[in-house]
Amino acid sequence: MTQETMKAVGLYQYLPIDNTNSLVDAEVKKPVPTGKDLLVKVKAVSVNPVDVKVRAPKERTENELKVLGWDVAGIVEQIGPEVTLFQPGDEVFYAGSIVRPGGNSEFHLVDERIVGSKPSSLDYAEAAALPLTSITAWEGLFDRLGIPMEKSTNTGKKILIIGAAGGVGSIAVQLANYVGLTVIGTASRPESIEWVKEQGADVVINHYEPFVSQLQALGIDQVDYVFCLNSTEQHWQNMAEVIAPQGKICSIVETDELLNLTLLKNKSATFVWEFMFTRSTYQTPDMIEQHNLLNDIARLVDQGVIRTTVAQRLEPINAENLRKAHYLLETGRTVGKIVLEHF
Ligand SMILES: NC(=O)c1ccc[n+]([C@@H]2O[C@H](COP(=O)([O-])OP(=O)(O)OC[C@H]3O[C@@H](n4cnc5c(N)ncnc54)[C@H](OP(=O)(O)O)[C@@H]3O)[C@@H](O)[C@H]2O)c1
């Protein structure tokens with residue numbers, strides 16, 4: 001019996017995005033689910049900086065197509081024998097695992113413990129914008145910074161979100177606003193400043209100017225939390241200056257430069273990393289928390305509390321459109337999310 005095939009977009013070589021071979025259309029074997037895996041029929045995907053980082057030019061080549069894409073909305077097609085949370089026909093959304101193939105393919109395997117039920121009020125493209133950034137924002141705010149979810153506890157507390165117009169920033173601003181924090185976002189252009197305000201930020205400052213003087217001009221001396229979503233090393237000094245004594249800083253962006261932790265010592269300030277692939281990479285016992293938090297996000301979306309962060313839609317899902325999306329992300333100036341729909 002011949003195995004079925006499916007369309008996929010991926011790479012064999014790691015090339016600059018203006019090279020047409022940087023992402024190519026291909027036909028590959030359709031996978032079969034085992035264990036706790038769902039086989040998902042992919043309806044829409046979104047792109048993230050992680051796609052660009054994995055695709056970054058390098059000498060290595062791949063013998064088999066390397067498929068990127070870590071944001072999917074689709075329909076469960078088949079289930080593995082150990083699956084208990086979903087059935088064929090269920091609509092789902094998820095980010096997947098960085099140590100497995102991405103979702104830029106007609107069908108995709110994913111462990112059910114990191115999958116949520118798609119918000120019913122959103123179409124597939126609107127839903128595909130959310131998983132990776134929502135997991136990052138949720139884990140960053142509530143698990144790493146330890147911000148309580150009860151609104152009353154957060155009254156009067158302030159958070160500075162650096163890079164607030166981006167994919168993660170757009171949802172982080174909404175979540176921080178939802179739990180009652182005063183939200184200060186950073187953005188540098190009229191379009192991105194406007195976008196951050198639309199997501200619910202109370203005020204916006206510029207991430208290319210010193211933070212302290214801008215905040216003081218707004219009557220703010222210090223912030224209780226900083227969530228850094230861009231250029232950790234560039235903002236390190238600024239973050240150390242604005243954080244309140246005993247405050248907490250979380251960053252999601254790796255840096256090649258050494259960070260001087262001593263800057264935080266006199267304030268007894270905490271620094272913590274968030275990496276949304278930690279749970280799936282290390283198969284942590286609490287991996288199912290990503291299933292739970294995606295369902296919480298879906299509920300908040302369906303209640304009208306949180307909205308999708310789609311800013312641009314491309315159709316169909318193919319190499320040409322994915323190259324376009326990667327090119328836009330590489331400018332570092334997109335707002336919200338770029339999504340692709342339909343194979
Ligand atoms: N650790 C994790 O789990 C995790 C998860 C998701 C993302 N990330 C990483 O987090 C970063 C942001 O991801 P994203 O999806 O939000 O990116 P994105 O959507 O590409 O972010 C674009 C935004 O970044 C802002 N920006 C550009 N340069 C900046 C700077 N020097 N300082 C502050 N903001 C700046 C821009 O605002 P202006 O145009 O207004 O300047 C733009 O709106 C990426 O490096 C990504 O790889 C990590």
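Strand β1 (residues 5-14) runs antiparallel to β4 and is joined to β4 by 4 bridges, where strands are DSSP runs of E with at least two residues, helices are DSSP runs of H or I with at least four residues, and both are numbered from the N terminus. Within β4, the residue that stands opposite Gly10 is Val67. These strands belong to an open sheet of 3 strands, ordered β2-β1-β4 and paired in the antiparallel sense, and two strands are said to pair if DSSP finds at least two bridges between them. The edges of this sheet are β2 and β4, each of which pairs on one side only, and the twist from one strand to the next averages 30 degrees. In general, strands of a sheet pair through backbone hydrogen bonds, either parallel or antiparallel.

The model is predicted, with local features needing pLDDT of at least 70 and side-chain atom pairs counting only at pLDDT 80 or more, whereas totals for chains, interfaces and linings use all residues. Residues are numbered from 1 along each chain as its sequence is written, and side-chain values use heavy atoms, with hydrogens and water left out.

A second open sheet has 6 strands in the order β11-β10-β9-β12-β13-β14, with parallel pairing. Its edge strands, β11 (203-205) and β14 (270-273), each pair on one side only, and neighbouring strands are turned by 20 degrees against each other on average, direction ignored. Strand β10 (residues 182-186) pairs with β11 in the parallel sense over 3 bridges, and the bridge partner of Thr186 in β11 is Ile205.

Helix α3 touches β9 (158-162), β12 (223-228), β13 (243-251) and β14, and the direction of α3 makes about 145 degrees with that of β12; contact means heavy atoms within 4.5 Å, while axes are lines fitted to C-alpha atoms, for helices over the stretch in contact, and angles run from 0 to 180 degrees between N-to-C directions. Helix α5 lies across β9, β10 and β12, running at about 175 degrees to β9. The axes of α5 and α6 (residues 190-199) come within 8 Å and cross at roughly 35 degrees, through a contact made by Ser170, Val173 and Gln174 of α5 and Trp195, Val196 and Gln199 of α6.

Two pockets are compared below. A pocket is found on a 1 Å grid over the protein atoms alone, as an open set of points where a 1.4 Å probe fits, with protein on both sides within 12 Å along at least five of seven lines, and lining residues have an atom within 4 Å of a point. Grid points are joined across faces, edges and corners, and a volume is the space filled by probe spheres set on the points.

| Pocket | Volume | Lining by residue class |
|---|---|---|
| Largest pocket | about 1,200 Å³ | 22 nonpolar, 17 polar, 7 charged residues |
| Second largest pocket | about 390 Å³ | 8 nonpolar, 3 polar, 5 charged residues |

In these classes, Ala, Val, Leu, Ile, Met, Phe, Trp, Tyr, Cys and Pro count as nonpolar, Asp, Glu, Lys and Arg as charged, and the others, Gly among them, as polar. The largest pocket is lined by 46 residues, and those nearest its centre are Pro49, Lys53, Leu229, Asn230 and Val253; α1 gives the largest share of this lining, 5 residues. In the second largest pocket, β4 gives the most to the lining, with 5 residues.
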